[in-house]
Amino acid sequence: MDPLVMFIMVLVPAALVLYGAFLLVRTFIQKEIDLKKLEVRGRSIETLLPNRLQAYERMALFLERMAPQNLLVRLNVSGMASREFHQLLLSEIRNEYNHNVSQQVYISEGVWEMIKNAKEDLIVSINDAASEMNMESTSLDLSKKIFEKSITKSVDPLAHALLELKKEIQQTF
């Protein structure tokens with residue numbers, strides 16, 4: 001036999017065996033990589049899940065605390081001038097928001113936008129009510145006006161944001 005034909009007869013089976021070994025090793029390595037990814041993801045979920053749940057809880061609490069019926073009752077001081085009460089309300093809202101702003105990394109962008117918009121809507125309502133007060137108005141007068149404005153809204157942004165937050169929690173868990 002010709003040495004070239006002999007060489008090809010040896011080379012082709014060896015190449016096929018080598019290719020088979022390559023496929024086998026590649027499949028094994030890919031499975032190991034996939035297992036490591038799953039393991040890392042599992043550890044990540046174990047760490048991230050409690051933080052995410054805490055973020056949902058904190059934002060639900062924020063929305064509940066900012067609801068006019070809760071905010072006004074909690075902060076109202078009898079005899080306080082409406083202008084002082086107005087500043088106190090705005091300060092409380094901003095402080096609560098700033099305290100919880102880091103939670104946005106655990107919440108979807110859409111729900112976070114709803115929360116921000118609800119906060120801004122509340123501030124606008126409080127400012128509108130305060131602009132209708134005269135110099136002799138008390139915190140009670142301002143509270144009544146804010147309640148009136150919140151009742152007349154067709155959609156309560158705070159309640160809507162809380163509902164969407166709850167939906168996201170249910171989808172996540």
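Helix α3 (residues 82-100) and helix α5 (residues 139-152) bring their axes within 7 Å of each other and cross at roughly 55 degrees. Here axes are lines fitted to C-alpha atoms, for helices over the stretch in contact, with angles running from 0 to 180 degrees between N-to-C directions. Helices are DSSP runs (H or I, at least four residues), numbered from the N terminus. That angle makes α3 oblique to α5; angles under 35 degrees count as roughly parallel, over 145 as roughly antiparallel, 65 to 115 as roughly perpendicular, and the rest as oblique. The model is a predicted one, in which local features need pLDDT of at least 70 and side-chain atom pairs count only at pLDDT 80 or more, while totals for chains, interfaces and linings use all residues. Residues are numbered from 1 along each chain as its sequence is written, and side-chain values use heavy atoms, with hydrogens and water left out.

On the α3 side, S82, F85, H86 and L89 meet S139, L142, S143 and I146 of α5, with contact taken as heavy atoms within 4.5 Å. Sorted by class, this contact has four nonpolar, four polar and no charged residues. Ala, Val, Leu, Ile, Met, Phe, Trp, Tyr, Cys and Pro count as nonpolar, Asp, Glu, Lys and Arg as charged, and the others, Gly among them, as polar.

Helix α3 also holds N100, which is buried at a relative accessible area of 5%. Buried means under 20% relative accessible area, exposed over 50%, and partly exposed in between (1.4 Å probe, protein chains only). A polar atom of the N100 side chain sits 2.9 Å from the backbone oxygen of E96. Setting aside residues up to four places away in sequence, N100 touches R58, M59, F62 and W112.

Now for the second pair: helix α4 (residues 109-131) and α6 have axes that come within 8 Å and cross at roughly 165 degrees, so the two are roughly antiparallel. This crossing is left-handed. V111, M114, I115, A118, D121 and L122 of α4 meet P157, L158, H160, A161, E164, L165 and E168 of α6. The tally for this contact is nine nonpolar, one polar and three charged residues.

E164 belongs to helix α6 (residues 157-172) and counts as buried, at 18% relative accessibility. Beyond its neighbours within four places in sequence, E164 is in contact with V111 and M114.

Key: A polar contact is a pair of N or O atoms within 3.5 Å; within protein, one must be able to donate a hydrogen and the other to accept it, and residues adjacent in sequence count only if both atoms are side-chain atoms. A crossing is left-handed if the near helix is turned anticlockwise from the far one by less than a right angle, and right-handed if clockwise.
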